[in-house]
Amino acid sequence: MSGQTTQIFSDAEPDLAYRAKWYTERALIYGALIFWAFICLFPIYWTVTTSFKIAPDVMRGNLVPWVDFEPQWRGWRSLGLSPNTISETSTVREEFLKRFMNSVITSLSASMLAVTLGSLAAYGLSRFSYRFGFMRNSDISFFFLSQMILPPVVLALPFLILYKELALLDSRIGIILLYTLMVLPIVIWIMRDQFSAIPIELEEAALVDGLSVWGAFVQIVLPIALPGMVAAFILSLVLTWNEYFFAALLTSTDAKTLPVMVASQTGSQGINWWSMAALSTAAIAPLVVIGVVLERYIIKGMAAGAGK
Amino acid sequence: MSMPAQSDGDKLHVVTSDHMSPGRILAGRTLVWSAAVLLAVMLIAQALYEFEVISFGFENWRPVLYAYLLWAIAMGVAQVLIRGEQGKRALFVLPAVLFVVSMVIFPMLFGLYISFTDWNLASVTGRKFNGLDNFRQMLSDPFYWNALLNMVYYVAAIAVEYIIAFGLALLLNADIRARKFFRVALLLPLMLSPVAVSWMVGKSMMEIRFGPLARLGRFLGWESPSFFGTPEVARLAIMVMDAWTFIPFMMIMILAGLQALPKEVLEAAKVDGATAWQSFWEVIFPLMLPVSITAIVIRIIFKLKLADIIINVTSGGPGGATDSVTSFIFREYRDRSNVGYGTLLAMVYLVLIIVFILMLLSGVNRWMRRTSQGGFG
């Protein structure tokens, strides 16, 4: 009986050393990861908790709610978004919601437009050969992708004057057009990759079966390329939601987006930390949610160029 | 790809009858030309009205824009009418081409014109062509040169970002638990708008009295932690904030590259008894060079647009030490409404960027060819 409990094989000296090394390696990897995750998450944590602080908590540098300080709704009340003010009318909240809706509408429409235009162009370029004047397919691709280099500042001032003449200044449409232009090269870059991964034989079969080129594109190719399109859409959404430069120059009262509102608040003297924190939290919340839920697509989109 | 050269033919072959009836072609031509004539007439009429040659016209140029849209649609329809199946294929690319051309080429030409005028939105005297005056002013503008120099520092900081991003990608690629959590956590900074980051980090965490980073600085023995007092520290603080937001971007690209590495090669290195360091330095890193270069080039392109954080945190201060070109031009417009001069600065910047990127790409190409000729292993 005792033979079952006594150890027959024991680890040799090199094996033990190996295991010790393995453990230190693990500890180092997790240590580094946790350290960097802390660096990434702390500013978000800080902002969210600060929105529940009042002045003395901020000054004492209290960090942990319920332990260090009692959470208060001060910051959210100033936005009209706390439980006791949510049912009352609040001009600040209306202002905030208006900016929020502007951001939602501009970023969604621009991303949609960019994905539509970009997917069509990327598909055409990956399947057919074009000739516009001296430009061949590779030139057209380069023309699209080279727009990525263009710094916004080059277009900003001419657009300021053009939009004034076209009565598009401070309008959502003007902003949507510019945002579409801004993300279009990225969308084409991602979608070109997606379409060239789809075997042409699929469409050839569809054409033999009597579908037109556009029919094959809509019925056969689009469903396969959908995940890639979602990735491009999400990435565009992130970029356009966060855009500040064009919005700051080209909008003033009607079409002002959320980042411009946040920026204009930080500029004022004697900022209330709690209301600024609440505003920042509200501004970043949608994208944090998107980041957590749709992380797969964001990574897919950004990885599109890395495989090449 | 071992496919034969197909640059001349379509990859997707379509057998079509390319015979179009003359009536159809005529209809197409008529359509596109009548739309073009309408556009031209409206354009000329509106221009005459603006210069007060004629007394009737529209309040603004918006109707001309509608005429342009009409022409663009007519152009698309005409493609199908005139060229049939070929035209339907052109419709894939045509909308994007027209969009980009009208949104980039035209404003750029207009911008080129503006940049040689003394156009100031605040002045009542109007604008006039002033030749190379703006250019001369630029040459003697120390703040612009300073901003360009700052861009060199900012771009140089990408080297550090790259090392950190590569390290993080290796960590995420290791055999770890809770990989999804770490991936999401490490990705999150990229989701945040630079404006929000400006407040969250720049204005509150780096606040001198109560900010947690200032407290940490005091704890570590930094007497008076002021992040935006001296030029060097302020520039560093901007770099750190920008790096914080964009490291995930490079990290994800490198991670994707790592995951696409051929497993056999790594196994072979292990079998051959390579240490972890050797297999990284002699196998993984060389194999990752193309991906690394793509990531770095794209990061440089993004970095050259850096502005939001600077505008919101330091407004270029102290004394222009943190100014990027974009933030400098932004203030040139905001403070002085100096559209003409600002546009010239932007145009010069664009030329510099194009030259820089082209040099970078050709340098990279040449270098890659040399290393691949030498071969490794």
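Predicted model: local features only at pLDDT ≥ 70, side-chain atom pairs only at ≥ 80, totals over all residues.

Colleague: Could we start with helix 8 of chain A: what span should its 25 residues have at 1.5 Å a residue, and how far apart are its end C-alpha atoms?

Modeller: The 25 residues of helix 8 of chain A should span 36 Å at 1.5 Å a residue. Its end C-alpha atoms are 35 Å apart, which agrees with that expectation. The helix does have a kink of about 40°, located at A:Val183, shortly before the proline A:Pro185.

Now for its surroundings. Helix 8 of chain A is largely enclosed by the rest of the structure, because 22 of its 25 residues are buried. "Buried" here requires 20 or more other C-beta atoms within 10 Å of a residue's own. The largest nonpolar core has 167 residues, and A:Ala121, A:Val187, B:Met251 and B:Ile254 have the most contacts inside it. Helix 8 (residues 172-196) of chain A gives the most to this core, with 16 residues. As a general point, nonpolar side chains in soluble globular proteins tend to be buried together.

Leaving aside residues up to four places away in sequence, A:Ala121 touches A:Phe144 and A:Ile188, and from chain B it touches B:Phe92, B:Val93 and B:Ala96. There is also a second, separate core of eight residues, with B:Val32, B:Leu39, B:Trp71 and B:Ala78 among them.

Chain A is assigned domain 1 (20-79) and domain 2 (91-303). The centres of these two domains of chain A, taken over C-alpha atoms, are separated by 32 Å. Their contact takes 13 residues from domain 1 of chain A and 14 residues from domain 2 of chain A. On the domain 1 side of that contact, helix 2 (13-50) and helix 4 (74-79) of chain A each supply at least two residues. Helix 4 of chain A gives the most to this side, with five residues. The classes on the domain 1 side are six nonpolar, five polar and two charged residues.

Helix 2 of chain A also holds A:Arg26. A:Arg26 is partly exposed, with 14 other C-beta atoms within 10 Å. From A:Arg26 to A:Ala12 there are 14 residues in sequence and 21 Å in space, C-alpha to C-alpha.

For chain B, the assignment gives domain 1 (22-112), domain 2 (115-144 + 314-368) and domain 3 (157-303). Between the C-alpha centres of domain 1 and domain 3 of chain B there are 47 Å. In helix 16 (residues 339-374) of chain B we find B:Leu360. B:Leu360 is 63 residues from B:Val297 in sequence, yet 8.3 Å from B:Val297 in space, C-alpha to C-alpha.

Most residues other than glycine have a negative phi. B:Ala178, which is not a glycine, has a positive phi of about 55°, and B:Ser315, also not a glycine, has a positive phi of about 50°. B:Ala178 sits in the loop between helix 6 (158-173) and helix 7 (179-191) of chain B, and B:Ser315 belongs to the loop between helix 14 (308-313) and helix 15 (325-336) of chain B. B:Ala178 is exposed, with 12 other C-beta atoms within 10 Å, whereas B:Ser315 is partly exposed, with 16.

Conventions. Residues numbered from 1 in each chain as written. Chains lettered and ligands numbered in written order. Core = buried A, V, L, I, M, F, W, Y, C linked by C-beta atoms within 7 Å. Helix = DSSP H or I, 4+ residues; strand = E, 2+ residues; numbered from the N terminus. Contact = placed C-beta atoms within 7 Å. Domains from an automatic or database assignment. Expected span 1.5 Å × (residues − 1). Bend = angle between axes of the 7 residues up to and from the residue. Nonpolar A, V, L, I, M, F, W, Y, C, P; charged D, E, K, R; others polar.
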